[in-house]
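Here is a report on one protein chain.

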Amino acid sequence: MSESIDCRIDRILEQIHTSAQQAGRDQADVQLELAVKTRTVNEIAQAVHALNARGQRAILGQNRVQEAQVSTPGLRDLGIADFYPTLIGPLQKNKINHALRVVEEIETLDTLKLAQAVAKRVEPGRVLNVMMQVNTAREDTKSGVDPEHALELAGAISELPALHLVGFMTIGAHTDDETLVRRSFAQLRQIRDAAVQQGLADATELSMGMSGDFPLAIAEGATRVRIGSMAFGPRRVA
Ligand SMILES: *Cc1c(COP(=O)(O)O)cnc(C)c1O
């Protein structure tokens with residue numbers, strides 16, 4: 001029998017604790033976000049229970065709007081209310097309305113056009129938390145704004161009243177070279193620090209680090225690590 005999600009989450013929280021300690025940081029400043037792509041509502045429910053039982057909010061990172069359309073109502077049908085669905089995959093314009101019904105945050109804004117399109121569709125009276133995805137690894141296959149344009153875009157997004165810019169997200173360089181991975185995380189931190197200094201006082205989150213590299217991300221200041229396979233086991237093909 002494979003290890004339970006409960007045990008896996010314990011181990012992740014322990015490692016977050018250790019990494020935070022080694023970096024001289026408070027564990028409470030690093031939140032665990034579960035990357036739930038391809039997982040069933042039941043698996044996600046187990047993980048949410050495990051986190052809630054440990055007094056933690058369950059942040060659920062959704063890659064695909066279609067999957068969030070299943071799991072968000074699915075969890076509510078199971079009587080689970082204490083979770084925070086956020087979008088960590090690319091958002092297509094024609095999916096914005098659907099996304100706004102099933103996620104509470106979007107981490108992947110990377111153009112002003114997309115941000116404006118989202119802002120236009122947010123219901124009056126609602127303010128949507130958003131992050132900006134930055135392509136710190138400079139890989140063509142990755143979404144995200146180029147680092148040199150990140151501050152300008154952050155300024156523009158923060159002027160849209162329907163959006164609340166809470167921070168920055170990146171996917172670390174896809175390589176075994178730890179120096180390069182760390183460099184991409186450090187770059188996101190520098191962008192965040194510059195943005196805060198320029199007056200975007202609320203844009204403090206750094207969503208970075210996955211199962212394979214989250215200790216490095218915590219060392220570079222991650223406030224949120226996005227963990228999938230280490231929590232749920234190897235991924236089924238999507
Ligand atoms: C899948 C995914 C993760 C988590 O990856 P694991 O290696 O399974 O931990 C984090 N962020 C994004 C954007 C993802 O798509």
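Of the 238 residues in the chain, 52% are buried. The model is predicted. The accessible surface comes to about 11300 Å². Carbon and sulfur atoms hold 48% of that surface.

**Overall build**

The chain has nine helices and eight strands. Its radius of gyration is 17 Å, close to the 18 Å that the globule rule gives for 238 residues, so the chain is as compact as a globular protein of that length. The C-alpha trace spans about 50 × 40 × 30 Å along its principal axes.

Contacts across the sequence are well represented. Take the contacts with a separation of 6 or more: 65% of them join residues 24 or more positions apart.

Charge comes next. There are 26 positive and 30 negative side chains. The centres of the two sets lie 5 Å apart.

**The core**

The largest nonpolar core has 71 residues. Leu-34, Val-118, Met-132, Leu-163 and Phe-168 have the most contacts inside it.

Which residues does Leu-163 contact, leaving aside its neighbours within four places in sequence? They are Leu-109, Ala-115, Val-118, Ala-119, Val-122, Val-127, Leu-128, Val-130 and Ile-157.

Helix H5 covers residues 112-121. Its buried residues are Leu-114, Ala-115, Ala-117, Val-118 and Ala-119. An α-helix has 3.6 residues a turn, so residues three or four places apart point the same way.

**Residues in loops**

Val-122 sits in the loop between H5 and E5. Its relative accessibility is 7%, so Val-122 counts as buried. Leaving aside neighbours within four places in sequence, Val-122 is in contact with Leu-100, Leu-128, Ala-162 and Leu-163. Val-122 and Leu-163 are 41 residues apart in sequence. Their C-alpha atoms are 8.4 Å apart in space.

Asp-213 lies in the loop between strand E7 (205-207) and helix H8 (214-219). Is Asp-213 buried or exposed? At 11% relative accessibility, Asp-213 counts as buried. Not counting residues up to four places away in sequence, Asp-213 touches Gly-172, Val-181 and Phe-185. Asp-213 and Ile-171 are 42 residues apart along the chain, and 9.9 Å separates their C-alpha atoms.

Two further loop residues stand out by backbone angle. Thr-38 is not a glycine, yet has a positive phi of about 70 degrees. Thr-38 is placed in the loop between strand E1 (31-35) and helix H2 (41-53). Arg-138 is not a glycine either, and has a positive phi of about 55 degrees. Its loop runs between E5 and H6.

How do the burial values of these loop residues read? The table lists them.

| Residue | Relative accessible area | Class |
|---|---|---|
| Val-122 | 7% | buried |
| Asp-213 | 11% | buried |
| Thr-38 | 18% | buried |
| Arg-138 | 47% | partly exposed |

The cut-off for buried is under 20% relative accessible area, so Thr-38 at 18% counts as buried. Exposed means over 50%, so Arg-138 at 47% is classed as partly exposed.

Conventions
Residues numbered from 1 in each chain as written. Predicted model: local features only at pLDDT ≥ 70, side-chain atom pairs only at ≥ 80, totals over all residues. Heavy atoms only, no water. Helix = DSSP H or I, 4+ residues; strand = E, 2+ residues; numbered from the N terminus. Rg over C-alpha atoms; globule rule 2.2 N^0.38 Å. Buried < 20%, exposed > 50% of the residue type's maximum accessible area, 1.4 Å probe, protein only. Contact = heavy atoms within 4.5 Å. Areas by Shrake-Rupley, 256 points an atom, 1.4 Å probe, with all protein chains shown as cover. Lys, Arg positive; Asp, Glu negative; His and termini not counted. Charge placed at Lys NZ, Arg CZ, Asp CG, Glu CD. Core = buried A, V, L, I, M, F, W, Y, C linked by side-chain atoms within 4.5 Å.
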